[in-house]
Amino acid sequence: MRQFTAFFFLILFANNSRAQNAAIDSVNRLLKTAQSDTARINLTNEKIYLLGEVNLDSSTALAKKILEETKRIHFTEGEADALRALSINAMRTGDYNAAEKYLKGAEVLSTSLNDSLRIAKIFSGFGMMYGMQSKYDSSILFYQKAIDIHERLGFKKMLSTDYGNLAIGYQMQSNFSKALFYQQKSLRIAEERNDARSQAYTMMNMGSNYQNIGDTVRAEQALLKGIELAKSVGIKNVELYGYSNLASLYSKLNKFNESYKFAMKAVDTAKTMGDIGIESASYSKAGMALANMKEFDHAEDLVKKGMAKAVSSGQPLVIYQAYSTMGAVLKLQEKYAEAIPFLEKSIHTLKDADEYDESLAGVYSDLSACYEKTGNYNKALSNFRISSKIIDSVRSSENVRKATELSMNYEFDKKQAVAAAIQEKKNAGAKSKQLLLLVGLGVTVIVAAGAWIAFRNKQKANRILELQKAEIQSTLGQLKTTQAQLIQSEKMASLGELTAGIAHEIQNPLNFVNNFSEVSNELLDEMKEELIAGKNQSAMSIADNVKQNLEKIIHHGKRADGIVKGMLQHSRTSTGQKELTDLNALTDEYFRLAYHGLRAKDKTFTATLNTNFDERLSAGKNDLKKINIVPQDIGRVLLNLFNNAFYSVTEKNASLHSSGQATQAEQGYEPTVSVSTKRENHKVIIRIKDNGNGISENVLDKIFQPFVTTKPTGEGTGLGLSMTYDIIKAHGGEINVETKPGEGAEFIISLPA
């Protein structure tokens with residue numbers, strides 16, 4: 001059952017305050033003593049930003065009032081700041097047209113002032129606006145422009161903010177390693193400046209990033225820490241988003257009671273703040289939690305409230321979440337036809353967005369299942385393929401590995417820095433004591449001090465070793481989890497390829513069934529006419545023809561039934577139990593299905609298929625000729641090797657025709673894949689050979705290792721041959737490969753007979 005776990009990220013706003021209410025009180029006191037109109041307006045603009053994180057309506061009303069005053073006294077700097085504040089408040093309410101209008105006005109004024117810092121803030125404003133509309137490419141572009149200015153000026157306070165916001169764009173595009181890199185840069189600056197406010201924002205976003213890489217423990221710790229920091233400095237919007245993201249996390253962990261509780265806390269908090277976007281999202285999460293607890297009526301009521309709020313928010317990600325959640329709730333109730341329009345609407349909402357995450361893959365997966373249940377198999381397969389492609393991209397082993405490595409290194413460096421600072425302080429104290437003791441106690445005390453230092457260094461070394469051991473064990477656990485997810489993705493991808501072949505293969509017997517049924521129907525009409533005419537002998541002859549047709553219908557119906565059963569056997573999770581199996585029949589079936597699967601994707605492709613099966617393995621009804629294997633697992637092995645062989649000859653054929661420089665011999669190249677079986681010396685040998693490009697020597701020695709692939713980046717996970725190797729070894733067999741680069745490859749499987 002899919003869990004909806006879309007996150008909401010916090011855009012950071014930089015100011016000098018440590019606690020919102022206290023900061024507003026402080027500004028109010030300063031306003032009473034302001035000596036000039038410009039000083040009073042500058043303080044009021046600062047108050048507007050602070051109010052925006054507590055009460056949007058009050059902030060917007062004050063900003064409009066001060067804007068008129070700046071125009072009246074021709075105070076350009078104050079007017080630009082007021083316009084920028086109004087644009088941020090408009091974004092928070094989903095009015096992006098107004099937000100853009102205010103920002104462009106502020107940009108014109110800031111440019112006329114030739115004020116680099118104000119221009120950088122305008123760029124950050126555009127980055128925020130595009131980010132909230134899920135246009136992350138544009139958001140990243142503008143935040144990078146702001147960062148360039150702040151890095152040039154060395155303005156660290158704003159750099160912390162911009163790094164954190166830039167990370168959001170990368171995170172929403174599933175580039176987790178790059179997102180974590182900028183989040184860590186943001187957090188370092190915030191910690192150096194003792195800025196609890198910025199730390200709260202960044203910890204909140206890091207929490208959701210940790211969940212993306214599968215580290216739910218760090219995710220929960222970061223979110224709870226972010227809420228704690230937010231409460232300490234009085235930032236209600238960070239606290240609000242913390243509740244919402246915890247609801248997503250607990251849903252992912254199947255803790256639906258906790259998910260519902262935090263989602264409703266987010267709803268209540270959002271209402272007090274006037275944040276309709278997060279209110280809508282939280283209604284959706286609460287509804288999804290109830291649906292998973294089978295409380296469907298209440299769930300639908302909450303999701304409908306969320307949908308109404310979502311449309312008025314104008315935020316694509318919020319609207320997408322509301323519609324997709326309603327689709328998921330209806331799917332859980334098996335209302336597949338009703339679910340389809342909501343799922344389609346949710347996907348359409350993000351058509352102009354740069355969204356590409358696991359949640360979107362889940363929506364395509366739900367849509368595929370609903371189309372399958374309603375009989376639209378073409379759309380079911382199309383959406384399933386899109387879902388698989390997104391999951392392959394999001395769960396890219398390199399992406400997750402880099403993010404995990406960054407996380408490990410960052411936390412280890414922080415601990416080491418703290419330990420080094422403590423040790424440095426201790427060493428300084430020890431040095432002073434040693435100098436005093438040298439005067440009073442002499443050489444004996446020096447020896448004792450040296451022993452003490454050696455002991456402390458040994459303790460420090462032991463602590464470092466323990467830290468490294470713990471980090472390595474944690475990383476190993478995370479990598480195992482990632483590998484399990486990628487293996488499941490590989491299995492689903494092979495099922496998709498198999499389905500295409502089956503669709504082609506099953507059409508043949510179905511055509512026969514339809515044709516013989518039509519002919520039989522016509523013969524029965526003729527037989528009625530003959531009987532009426534009293535021509536009994538002719539009627540009997542027609543009856544014999546009808547009987548023959550019915551026998552053919554039964555025969556081809558059983559063929560189709562056998563193909564479907566074969567598909568179900570492949571898709572079924574292996575029990576690990578071995579069965580007596582006709583190896584020749586199993587091999588021939590997957591050979592044809594793999595070929596037709598490729599033909600379904602590329603109608604122009606043809607290849608020569610050669611088979612040479614040992615008759616001693618053709619069982620028929622003779623169990624003595626069958627071998628004892630797990631058919632689902634061996635089927636996956638054969639399908640993977642056949643797919644690799646067809647991929648190799650396809651690539652070679654394409655390269656020869658596209659280069660235009662093929663030799664005469666190469667121009668006559670005919671893609672060929674061969675398979676043979678043979679029983680010899682209590683073993684069964686399966687050989688799968690192709691005349692494709694072969695395997696290069698630099699990967700040949702490690703081809704059966706996990707994540708090693710000969711395919712271009714993005715076209716293979718590198719798990720197929722690793723899984724194949726493990727299955728063959730589990731059967732007590734062996735697999736080897738013989739290859740000549742440019743001429744082809746042959747895989748040789750040996751199984752106990």
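**View 1. Q315, a buried loop residue.** With a relative accessible area of 9%, Q315 is buried. Keep in mind as you look around that this is a predicted model. Q315 sits in the loop that runs between helix 15 (296–313) and helix 16 (316–332). What does Q315 touch, once residues up to four places away in sequence are set aside? Its contacts are M91, R92, Y96, M132, G277 and A310.

**View 2. The whole chain, for orientation.** Before going further into the details, here's the overall picture. The protein chain has 27 helices and 7 strands. It runs to 753 residues, and 49% of them count as buried. Take the contacts between residues at least 6 apart in sequence: 67% of these join residues at least 24 apart. The accessible surface of the chain comes to about 36,400 Å², and carbon and sulfur atoms account for 52% of that. A search of the whole structure turns up 17 salt bridges, and a few of them get their own views below.

View 3. Y241 is part of helix 12, which covers residues 236–252. Is Y241 buried or exposed? Its relative accessibility is 13%, so Y241 counts as buried.

View 4. Side chains of opposite charge can pair when their charged atoms come close. Here R72 forms a salt bridge with E69, and the closest N and O atoms are 3.8 Å apart. Both residues belong to helix 3 (residues 56–73), where they are 3 residues apart, or about one turn of the helix.

**View 5. K335 and E300, a loop joined to a helix.** K335 forms a salt bridge with E300, with 3.9 Å between the closest N and O atoms. K335 lies in the loop between helix 16 and helix 17 (336–349) and E300 in helix 15, so the pair ties together parts that are 35 residues apart in sequence. K335 counts as partly exposed, at 31% relative accessibility, whereas E300 counts as buried, at 14%.

**View 6. E746 and R687, a pair between two strands.** How far apart are the closest N and O atoms in the salt bridge between E746 and R687? They are 3.4 Å apart. This pair links distant parts of the chain, with E746 in strand 7 (residues 744–752) and R687 in strand 5 (residues 683–690), 59 residues apart. E746 counts as buried at 14% relative accessibility, and R687 is partly exposed, with a relative accessible area of 33%.

View 7. At 39% relative accessibility, E526 counts as partly exposed.

Terms used. Residues numbered from 1 in each chain as written. Predicted model: local features only at pLDDT ≥ 70, side-chain atom pairs only at ≥ 80, totals over all residues. Heavy atoms only, no water. Buried < 20%, exposed > 50% of the residue type's maximum accessible area, 1.4 Å probe, protein only. Helix = DSSP H or I, 4+ residues; strand = E, 2+ residues; numbered from the N terminus. Contact = heavy atoms within 4.5 Å. Areas by Shrake-Rupley, 256 points an atom, 1.4 Å probe, with all protein chains shown as cover. Salt bridge = Lys/Arg side-chain N within 4 Å of Asp/Glu carboxyl O.
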